[in-house]
Structure formats: structure tokens, C-alpha cells
Amino acid sequence: PLFRSLAEKVLRVNTWSYISLATHALSALEASRGNLIVVSSFAGKMGIPFTAPYSASKHALHGFFDSLRQDLIFTKSNVSITLCVLGFIDTESAAKRTA
């Protein structure tokens with residue numbers, strides 16, 4: 001139950017917040033020829049030990065926004081999507097999880 005609760009929270013914050021904001025803003029971005037910038041992680045490209053919920057949330061971002069980008073290209077939209085993939089960031093919580 002604790003692991004599932006953590007996974008749900010991480011997905012809600014790292015994935016659903018981006019999806020919700022992006023889909024709500026799409027019409028305004030279309031009108032202004034806007035850009036969506038999505039901050040992801042190397043963990044979205046491959047699994048990293050001891051980070052399953054985090055990795056899942058970042059994989060979901062890649063899947064959703066890569067597909068949305070193709071939808072926008074197909075419909076000749078004025079909105080562009082950039083996925084920024086960050087590497088390892090040396091934080092206290094990262095150090096605890098991988099130590």
C-alpha cells in the first residue's frame with residue numbers, strides 16, 4: 001500500500017500535472033504559435049534502480065508528449081514541443097536512494 005501510494009503521488013505530480021496544464025493551454029498556444037517545454041529525465045529513457053515510480057512517471061511524459069508532437073505535426077499545428085532530458089542531479093534524496 002505504501003509503495004502504491006508513493007507511485008500514485010509521483011505520477012500525479014510528475015505526469016498528470018504536465019498533461020493537464022498542456023491540454024488546457026493548447027488552444028491558447030495554438031493562437032499564439034506557442035511552445036511547450038517539458039522537463040524530463042534520463043530515467044524517462046531507461047529504467048534506473050530504486051526509482052520505479054519516478055522512472056514510470058518520466059516514461060509516461062515521453063510517451064504522451066512524443067505522441068502529442070506527432071498529432072500536432074499531422075494537423076499542421078503552430079505549437080511546438082520540446083522535451084528536455086536532464087541527467088543525474090546530485091541531490092540529497094538521490095544520494096540516499098542509490099547509496
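Leucine 61 is part of helix 2; here helices (H or I, at least four residues) and strands (E, at least two) are DSSP runs, numbered from the N terminus. This is a predicted model, in which local features need pLDDT of at least 70 and side-chain atom pairs count only at pLDDT 80 or more, while totals for chains, interfaces and linings use all residues. Residues are numbered from 1 along each chain as its sequence is written, and side-chain values use heavy atoms, with hydrogens and water left out.

Leaving aside residues up to four places away in sequence, leucine 61 touches Asn14, Thr15, Tyr18, Val38, Val39 and Asp66; a contact means heavy atoms within 4.5 Å. Leucine 61 and leucine 11 are 50 residues apart along the chain, yet their C-alpha atoms are separated by 9.7 Å.

## Threonine 15

Threonine 15 belongs to helix 1. Its relative accessibility is 4%, so threonine 15 counts as buried. When residues up to four places away in sequence are not counted, threonine 15 touches Val10, Ser57, Ala60 and Leu61.

## Overall architecture

The chain contains 3 helices and 2 strands. Followed along the sequence, these elements give the pattern α-β-α-β-α. Strand 1 (residues 35-41) and strand 2 (residues 80-86) pair in the parallel sense over 7 bridges; two strands pair if DSSP finds at least two bridges between them. Within this pairing, asparagine 35 stands opposite serine 80 of strand 2.

Strand 1, helix 2 (residues 52-74) and strand 2 together form a right-handed β-α-β unit. A crossover is called right-handed if, with the strands pointing away from the viewer, the path from the first strand over the helix to the second runs clockwise.

## The nonpolar core

The largest nonpolar core has 13 residues, of which Leu26, Leu36, Phe65, Leu68, Leu72, Val79 and Ile81 touch the most other members. Helix 1 (2-32), strand 1, helix 2 and strand 2 each supply at least two residues of this core. A nonpolar core is a set of buried Ala, Val, Leu, Ile, Met, Phe, Trp, Tyr and Cys residues joined through side-chain atoms within 4.5 Å. In soluble globular proteins, nonpolar side chains tend to be buried together.

Leucine 68 touches Leu26, Leu36 and Ile81, again not counting residues up to four places away in sequence.

## Aromatic pairs

The structure holds 2 aromatic pairs. In one of them, the rings of tyrosine 18 and phenylalanine 65 have centres 6.5 Å apart and planes at 80°, so the pair is edge-to-face. Because tyrosine 18 lies in helix 1 and phenylalanine 65 in helix 2, this pair ties together parts that are 47 residues apart in sequence. The rings of phenylalanine 64 and phenylalanine 65 also form an edge-to-face pair, because their centres are 5.0 Å apart and their planes stand at 80°. Rings of Phe, Tyr and Trp (its six-membered ring) pair if their centres lie within 6.5 Å; planes under 30 degrees apart count as stacked, over 60 as edge-to-face and the rest as tilted.

Ring pairs link Tyr18, Phe64 and Phe65 into a cluster. Phenylalanine 65 has 0% relative accessibility and therefore counts as buried. Tyrosine 18, at 24% relative accessibility, counts as partly exposed, and phenylalanine 64, at 26%, also counts as partly exposed.

## Two loop residues with positive phi

Most residues other than glycine have a negative phi. Arginine 33, however, has a phi near 55°, a positive value in a residue other than glycine. Arginine 33 sits in the loop between helix 1 and strand 1, and at 60% relative accessibility it counts as exposed.

Lysine 76 likewise has a positive phi of about 55°, although it is not a glycine. Lysine 76 occupies the loop between helix 2 and strand 2 and is exposed, with a relative accessible area of 70%.

## The chain as a whole

Buried residues account for 30% of the 99 residues in the chain. Among contacts between residues at least 6 apart in sequence, 58% join residues at least 24 apart.

The accessible surface of the chain comes to about 6800 Å², and 65% of this area belongs to carbon and sulfur atoms. Accessible areas come from the Shrake-Rupley method with a 1.4 Å probe; for residues, only the protein chains shown count as cover.

Terms used
Buried < 20%, exposed > 50% of the residue type's maximum accessible area, 1.4 Å probe, protein only.
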